[in-house]
Amino acid sequence: MAELPERQVASPVEVIQNACKPVLQDSGVEHSFQLPDNLWQIYIAPDLITQALRELLKNALEAEVKKGKISITAENVDYARNDHRGKQGAREGKYVQVVLK
């Protein structure tokens with residue numbers, strides 16, 4: 001049986017910036033971060049999240065025909081039991097939603 005990755009409490013701002021900045025810094029693509037200081041702490045496997053964010057960015061950069069702009073935003077979201085707006089299969093609870101556009 002495969003061993004599960006170690007999870008820990010982390011700052012979403014630090015995780016997102018540490019994952020994305022190395023990929024974006026030499027890309028020549030204009031980019032912006034909108035990461036509020038009040039984002040909730042997250043309980044994650046940082047290596048997996050870092051890898052996922054980097055792969056998403058690499059794919060976006062490879063698909064970019066013209067030098068475009070990448071925007072990375074995050075916000076706190078709290079899904080109540082009967083709240084189905086934008087939930088996309090998430091269970092009831094508090095989340096930090098990250099959007100790469």
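# Exercises on a predicted chain

From the N terminus on, the elements of the chain follow the order β-α-β-β-α-β-β; helices (H or I, at least four residues) and strands (E, at least two) are DSSP runs, numbered from the N terminus. The model is predicted, so local features need pLDDT of at least 70 and side-chain atom pairs count only at pLDDT 80 or more, while totals for chains, interfaces and linings use all residues. Residues are numbered from 1 along each chain as its sequence is written, and side-chain values use heavy atoms, with hydrogens and water left out.

## Exercise 1: the sheet

Determine the order of the strands in the open sheet and describe how they pair.

Solution. 

Step 1. Two strands pair if DSSP finds at least two bridges between them. Three strands form the open sheet, in the order E2-E4-E5, with mixed pairing. E2 and strand E5 (93–100) are the edge strands; each has a single partner strand, so one side of each is left without a neighbour in the sheet. From one strand to the next, the twist averages 15°.

Step 2. E2 and E4 run parallel and are joined by five bridges. Across this pair, Phe33 stands opposite Ile72 in E4, and Gln34 stands opposite Thr73 in E4.

Step 3. E4 and E5 run antiparallel and are joined by eight bridges. Here Asn76 stands opposite Val96 in E5.

Step 4. Helix H1 lies across E2, E4 and E5, and runs at about 175° to E2. For such angles, axes are lines fitted to C-alpha atoms, for helices over the stretch in contact, and angles run from 0 to 180 degrees between N-to-C directions.

## Exercise 2: a residue in a loop

Is Ser27 buried or exposed, and which backbone atoms does the side chain of Ser27 reach?

Solution. 

Step 1. Ser27 is found in the loop between H1 and strand E2 (30–34). Ser27 counts as buried because its relative accessibility is 16%.

Step 2. A polar contact is a pair of N or O atoms within 3.5 Å; within protein, one must be able to donate a hydrogen and the other to accept it, and residues adjacent in sequence count only if both atoms are side-chain atoms. The side chain of Ser27 reaches the backbone oxygen of Leu24 at 2.8 Å and the backbone nitrogen of Val29 at 3.1 Å.

Step 3. Not counting residues up to four places away in sequence, Ser27 touches Leu61 and Lys67.

Technical notes. Buried < 20%, exposed > 50% of the residue type's maximum accessible area, 1.4 Å probe, protein only. Contact = heavy atoms within 4.5 Å.
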